[in-house]
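Visitor: Before we go into details, I would like to have the model in view, and then to go through it by question and answer.

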Amino acid sequence: MNYSKKGTSRKQKALKSNKARMGKKVCVVFLKTLLVLILAVGVAGLCGGIGIVKGVIENAPDITSASVLPRGYKSTVYDAEGNKTAELVAEGTNRTYVKIENIPKHVQQAFIAIEDERFYEHNGIDFKGILRAGATYVASGFHETQGGSTITQQLLKNNVFDFMSENGMVDKIERKLQEQYLAVKLEEVMTKDEILESYLNTINLGQNSLGVQAASNRYFGKNVSELTLSEAAVLAAITKSPNALNPITHPEENAARRTYVLKYMLDQGYISQSRYEEAMEDDVYSRIREYNAETETSSTIYSYFDDEVIDQVRKDLVEKAGYSETQAFNALYGSGLKIYTTQDPKVQKVLDEEFANPANFPEKSKIGLEWAMSVVGEDGETKNYSQEMLSAYFKQTDKDYEILYDTEEEARAAIDAYVSTLGITDEDTVYERCEFTIQPQASMVIMNQSTGEVVAMIGGRGEKTGNRTLNRASDTCRNPGSTFKVVAAYAPAFEALGYGPGTVQYDGPFAYNEGGRQGRLVNNWDKNTQYRGWTTLREGITRSMNVMAVKTITDVTPTVAVDYLLRFGFTSLELEGPNADYNQSAALGGLTNGVSNLELTAAYAAIANKGTYMKPRLYTKVVDNDGNVVLDNQPETTQVISEQNAWLLVDCMKDVVNGAGGTGSKARISGMTTAGKTGTTSKNVDVWFEGMTPYYTAGIWVGYDNSGYNHSLNSAEINFHKQLWGTVMTRVHEGLENKDFEKPSGIVQCVICTKSGKLAVGGLCDADGRSGIVRNEYFVEGKQPKEVCDHHVAVSICVDTGLLATSMCPNRVPQAKVLLPAMQSGVAEAVTLDTAYGINTNLPSATCTLHTGGVYVPSEYELSGSSPAAVPDPNAGVDPNAGADPNAGVDPNAGVDPNAGVDPNAGAEPDPEVPAAGG
């Protein structure tokens, strides 16, 4: 039995062994098959990839040493009539070519150390650099990127691929493959010194300086052959970002990267420790500041319009044509572009002349000061002083001291007085920057609303002394004040809620109900004038009433309002965080950042253009030196509000200029239909007028530059802007036919009660003791009121007490009264223009206390002797605004206009709760 069991065991083991061998064979066959498949797919992919790469390489440009030589042609800017307005060349010279033997070794090594440390080792492609960049990218979680391009590749990108756009990832990959291929080919036909020479004469080093010679002249006033190690490191530090690392405008950022340059040179053996330390101790930026202050650009000063055109074209070359920043700069200043602008020379001439005319500005102007000083002591220590420190010094004895002076001599005397306290000796080296600017400042933008074209622009008053200086028309953002009521409150409410000129709000005490302003009353700018009670939105716009605007944005909600503002083209709104602009005060221009004149004018142009927003354009097209179109700047449009609602808003804004109580009468253009909206911010810091005609929309701003001071305009300064606007636009419209804004279909008229916004009731609405309560008003068809007035009621008054009569009062007088609304919770009631003509039947004190009994309700015949009925249209077939004030003969204030003969903005403070935005 034991033997038999052993034999069986051997057989079982043999079977198991055979099965194992079969399993191994199957696995081997499977693995071999899988490997063959993988190899087949890999080979196929490789072949396909080789084919693709081969195709890309075959499409690469031909390359010779001449292909990478820097090129330079000045670009030209033309106005709408083809007149040359500017030639875009570099400051001093565009480029000064210098041979490699005239470029010091330490200058060459500074660029090599920071840009391509294995320049003398690779064949055009630095595989180690590519692997390092890839590893960094992966290690950072695909966030941090490093450049892997060699100097050879950068030279090709800037001089061979500089005018080729990259639209999408495929284009970028194709360009990168071609760039790497050509880098290898270029290294076969050029020596390392030849490549480096072309590169150092090509690179953009900021301040319109192309190449190391131009940059050396611009920053240090010397030839590149004279540069020190410290100065060479400054130039090499610029290459990564010519704007952000500009040693004049961003010295601290440049200094940080300069440290990297010197450290890399030390680590790579180009300099010794002692030379490194000597360079690090060099106060090179003081010399840069000094030279920049002494020798500003001597080239032609561009206009504010041309400055903005250059900015727009540069931005569009990057965003629309796929250029890099360096490519865009090279194209603008060295490729012979022809830029055709929208500037109308006749309109621009008017604008320039009127802004240069002292008679258009207050007789007494101030002088603003921009000042800074650096003092280098004998021991090499640098001390810096600013205008804020100067101001603080004088505020020790005068807490109200401002950096504003009557003359430049007075400003200079203040500087000298402060400097005399600093203990400066003859052995110290002093570097000072001092600029005087006339104040208050102003800007104006004029647009053709039907095309979206900016036809004229001016960004300041006084002589323009440099290029790319502060453009107050487009660069600065200021609080728009009451001009924002139309775009932030009324336009959204008209469109989203079906509101119209006849819609009413109650102008009475009202408190903010959100954020840090919760519980604080909204003040009308004319806060010393009585509240007006029930008021139409038309009158709210005409008189620029704050409570009306805040109540309207509350109805439509700030969220919806901001959505419309974005569609109107505003890009400076704060949309996130604790300072987001989703608030009620946005209706009054209470914004975190403010807005630019250009964007505000474009928003008003959208209303004048039948509700269609057109992104403001300053140029129509850009063509290259060979006549090929590089940028075709077609209109970008958005329908923000309907044509009908746009027309209604324009009709309301006509009353601002022409109507009783309108705040913009000083801007009226004789013989031309004009509409517009005024704006004044808290403490009169900013004043605006945004106006329109059937031809043009124009916006003007006046205020003090917010640089060390936030000055209020005085009584002589808060109104001249409206007269200046009218003066400019009167000349602009000379010879143009007077016409009205075209009324679209879908507009109807109804006779309404202005206390309810509903159909007027004859013998009731016109019987409360005042004239002008009933008027003919425009509506979008389908949005006109269907119900009769419910704010007027027929009551009986006890002659003995003047209160609501009871059934027991012996002497009763029938009257029409206006129902007064209940006040907002927590807000005290106040007297309004409706108070004397109104009644709140819920108040027990309103009922006669002498004769007890139930309230007596008069019959409908007691008021007029006839049954109440809808009031017949007194203006049937007549345009209520045609050539006449729609409120002519209307006396909303007992026969006397409270603002008659008074400038409605004199000393006005539109809303002390809303701070002026800085800009």
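Visitor: Which residue has a side chain joined to that of D705 by a polar contact of 2.8 Å?
Guide: A polar contact is a pair of N or O atoms within 3.5 Å; within protein, one must be able to donate a hydrogen and the other to accept it, and residues adjacent in sequence count only if both atoms are side-chain atoms. The contact of 2.8 Å joins the side chain of D705 to that of R472.

Visitor: What pLDDT do side-chain atom pairs need in order to count?
Guide: Residues are numbered from 1 along each chain as its sequence is written, and side-chain values use heavy atoms, with hydrogens and water left out. This is a predicted model, in which totals for chains, interfaces and linings use all residues, whereas local features need pLDDT of at least 70 and side-chain atom pairs count only at pLDDT 80 or more.

Visitor: Is D705 buried or exposed?
Guide: D705 is placed in the loop between β18 (697-703) and α23 (720-732), where helices (H or I, at least four residues) and strands (E, at least two) are DSSP runs numbered from the N terminus. Leaving aside neighbours within four places in sequence, D705 is in contact (heavy atoms within 4.5 Å) with T437, Q439, Q441, L470, R472 and R478. Buried means under 20% relative accessible area, exposed over 50% and partly exposed in between, with a 1.4 Å probe and protein chains only. The relative accessibility of D705 is 11%, so this residue counts as buried.

Visitor: Which kind of peptide bond joins Q439 and P440?
Guide: Omega between Q439 and P440 is about 0 degrees, and the bond is cis.

Visitor: What is the relative accessibility of N684?
Guide: N684 is not a glycine, yet has a positive phi of about 60 degrees, and lies in the loop between β16 (675-680) and β17 (686-692). R468, in the loop between β9 (453-458) and α17 (484-497), is likewise a non-glycine residue with positive phi, about 55 degrees, but R468 is partly exposed at 40%. N684, by contrast, counts as buried, because its relative accessibility is 9%.

Visitor: How many of the nine residues of helix α6 are buried?
Guide: Helix α6 spans residues 192-200 and is largely enclosed by the rest of the structure. The buried residues are K192, I195, L196, E197, S198, Y199 and L200. Of the nine residues of α6, the buried ones number seven.

Visitor: Which residue has the backbone oxygen that the side chain of Q108 reaches at 2.8 Å?
Guide: Q108 sits in helix α2 (residues 105-115) and is buried, with a relative accessible area of 4%. Not counting residues up to four places away in sequence, Q108 touches I100, I103, Y120, L196 and L200, and L196 and L200 are among the buried residues of α6. The backbone oxygen that the Q108 side chain reaches at 2.8 Å belongs to I103.

Visitor: Which element gives the largest share of the lining of the second largest pocket?
Guide: On a 1 Å grid over the protein atoms alone, a pocket is an open set of points where a 1.4 Å probe fits, with protein on both sides within 12 Å along at least five of seven lines, and lining residues have an atom within 4 Å of a point. Of the 29 lining residues of the second largest pocket, Q312, K315, L598, E599 and K615 are the closest to its centre. Elements giving two or more residues to this lining are α12 (304-319), α20 (558-567), α21 (597-608) and β15 (637-639). The largest share, six residues, comes from α12.

Visitor: How many disulfides are there by this rule?
Guide: A disulfide is a pair of cysteine sulfur atoms within 2.5 Å. The sulfur of C789, a buried residue at 7% relative accessibility, is 3.6 Å from the closest cysteine sulfur, in C765, which is too far for a bond. The count of disulfides by this rule is zero.
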